[in-house]
Every structure is written in C-alpha cells, then in structure tokens.
Amino acid sequence: MKAIVCVDQNWGIGKNNGLLFHIPSDLEYFKQITLGKTIVMGGNTLLSLPKSKPLPGRTNIVLSDIFTRNDCTVCPDITSLFRTLRNIPSQEIFIVGGAMFYKTMIDFCDYALITKVKKVCEDATVFFPNLDKMTNWELVEEGDLLEENGLYFQYTKYKNNDTKVFHIGDN
Ligand SMILES: NC(=O)c1ccc[n+]([C@@H]2O[C@H](COP(=O)([O-])OP(=O)(O)OC[C@H]3O[C@@H](n4cnc5c(N)ncnc54)[C@H](OP(=O)(O)O)[C@@H]3O)[C@@H](O)[C@H]2O)c1
C-alpha cells in the first residue's frame with residue numbers, strides 16, 4: 001500500500017478543503033499511477049474532488065461515518081475499512097488523503113510517493129507527516145527538478161522500513 005501526495009516545503013498539503021497548487025503534469029502523474037487501482041480517502045477529500053464525485057477509472061473507498069453513497073464504497077469506521085482493504089492486493093491500494101487520513105494510514109504504507117513543490121505556502125492549514133523526521137522512513141528516489149506554471153517540483157519516493165500490519169481482532 002502506498003501513499004501519494006503533493007507537499008510544499010513545510011509538508012503542507014491543503015487549505016480551505018482544497019489543494020495548494022495547480023500543477024497539471026502532477027495531476028496527470030497521479031492519474032497515471034492510480035488508474036485501474038483502488039484509491040482510499042477521508043470524507044473531506046471526497047468532498048474536495050470535482051463535484052464531490054469519486055474519481056473515474058478507479059475503485060474509490062472512503063472512510064466516513066457521516067454519509068452514505070451509492071457511487072463509491074463508504075466505510076464507517078477503521079475496522080470496516082481494514083476488513084475491506086485486506087481483500088485487495090496491497091500493491092493495488094493508494095492512500096490519497098487528506099491530512100487526517102494520511103496520519104491514520106501512514107504507518108501501514110510501505111512506500112510514499114511525494115511530489116515536493118519548492119515553495120512555502122504560508123496559508124497551508126493541513127499537513128502530511130514530515131517523513132524526514134520519522135526514523136523508519138527513508139528517501140529512496142529523487143527525480144529531476146521540473147517546472148510548470150512557474151512552480152518548481154520534484155517526484156520523490158520514500159520507503160517505510162517498519163511497515164505496520166492491520167490488526168482487526170478476528171483476523
Ligand atoms: N496535496 C495533496 O496531495 C492532497 C491530497 C488529498 C487531500 N488534500 C487536502 O487535504 C485536505 C483534507 O484533509 P482533512 O484532514 O481535512 O480531511 P480528510 O482526511 O480527507 O477527511 C477527514 C475525515 O475522514 C474521516 N477519517 C479520517 N481519519 C479517520 C479516523 N482515524 N477515524 C475515523 N474517521 C476518520 C472522518 O470522516 P467523517 O467525519 O465523515 O466521519 C474525517 O472527518 C484538503 O485541503 C485537501 O485538498 C491534499
């Protein structure tokens with residue numbers, strides 16, 4: 001299972017339930033990596049998507065106990081989410097946000113695909129865990145410095161050397 005996220009230099013990821021940056025090639029990168037796979041998100045992130053709709057071409061799973069929907073799978077609690085995820089091959093699963101949900105799931109991810117934007121957004125209100133401060137996470141890949149719309153960014157990959165497994169109780 002992997003997390004995928006776009007962060008600023010302070011690991012900021014959003015404000016006003018929206019993204020910090022508009023980088024079309026990063027959105028395309030996200031699409032190419034997640035198409036045909038399972039994406040898993042918190043309730044606010046589903047609501048932040050265009051028209052608050054699940055992303056097409058992917059199995060969308062949402063953790064929320066406040067709404068039910070017929071256009072995606074909604075898990076009302078973490079146990080039901082883990083039960084659902086354990087039936088899906090781990091390499092098919094992408095954790096796609098947001099801040100609260102990344103924090104919930106990061107220890108269970110074996111890799112994190114981080115697009116790092118070389119900018120500080122002072123008005124960021126939500127953040128990804130700073131993997132550089134977590135001893136079990138190691139930076140294993142760092143792409144070239146790219147530029148679009150005046151923003152400089154880099155695709156990177158981190159590896160978790162102490163990935164946790166789900167404990168559900170009944171196993
Ligand atoms: N930069 C990026 O790559 C990126 C990617 C995705 C999102 N974002 C940004 O992240 C922000 C949204 O993040 P957020 O933290 O506000 O919301 P979120 O993590 O998307 O959703 C939070 C909701 O998910 C459910 N949830 C998450 N963890 C839970 C847990 N441990 N137990 C039970 N329920 C849990 C709860 O839903 P209920 O309250 O409905 O029960 C909670 O209110 C937006 O600004 C969005 O644009 C950025």
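1. Start at the loop between β7 and α4, which is where Gly98 lies (helices, H or I, of at least four residues and strands, E, of at least two are DSSP runs, numbered from the N terminus). Gly97 and Gly98 are joined by a cis peptide bond, with omega about 0 degrees. Keep in mind that this is a predicted model: local features need pLDDT of at least 70, side-chain atom pairs count only at pLDDT 80 or more, and totals for chains, interfaces and linings use all residues. Residue numbers run from 1 along each chain as its sequence is written.

2. Those two glycines turn up again at the ligand. Of the 26 residues around it, Gly14, Gly42, Gly43, Gly97 and Gly98 come nearest (a residue is near a molecule or strand if its C-beta atom, placed from the backbone, lies within 6 Å of it). Two or more residues of this shell come from each of β1, β2 (12–15), β3 (18–19), β4, α2 (43–48) and α4. By class, the shell has 13 nonpolar, twelve polar and one charged residues; here Ala, Val, Leu, Ile, Met, Phe, Trp, Tyr, Cys and Pro count as nonpolar, Asp, Glu, Lys and Arg as charged, and the others, Gly among them, as polar.

3. Gly14 also has a place in a sheet, with Val126 in β9 as its bridge partner. β2 and β9 pair in the antiparallel sense over two bridges (strands pair if DSSP finds at least two bridges between them). The open sheet here has three strands in the order β3-β2-β9, with antiparallel pairing. Its edge strands, β3 and β9 (126–127), each pair on one side only.

4. Asn17, in the loop between β2 and β3, has a positive phi of about 50 degrees although it is not a glycine. Ser52, in the loop between α2 and β5, is not a glycine but has a positive phi of about 55 degrees. Asn17 counts as exposed because it has 12 other C-beta atoms within 10 Å, and Ser52 is exposed with 10. The cut-offs, with C-beta atoms placed from the backbone, are 20 or more others within 10 Å for buried, 12 or fewer for exposed, and partly exposed in between.

5. Met100 sits in helix α4. With 14 C-beta neighbours inside 10 Å, Met100 is partly exposed. Its C-alpha atom is separated by 13 Å from that of Lys15, 85 residues apart along the chain.

6. Now the inside. The largest nonpolar core has 39 residues, and Ala3, Val5, Val40, Ile95 and Tyr102 touch the most other members (a core is a set of buried Ala, Val, Leu, Ile, Met, Phe, Trp, Tyr and Cys residues joined through C-beta atoms within 7 Å). The largest share of this core, five residues, comes from β1. Leaving aside neighbours within four places in sequence, Ala3 is in contact with Ile95, Tyr102, Met105, Ile106, Cys109 and Ala112 (contact means C-beta atoms, placed from the backbone, within 7 Å).

7. Overall, the protein has four helices and twelve strands. Its radius of gyration is 16 Å, close to the 16 Å that the globule rule gives for 171 residues, so it is as compact as a globular protein of that length (the radius is taken over C-alpha atoms, and the rule is 2.2 Å times the number of residues to the power 0.38). Buried residues make up 31% of the 171.

Key
Contact = placed C-beta atoms within 7 Å.
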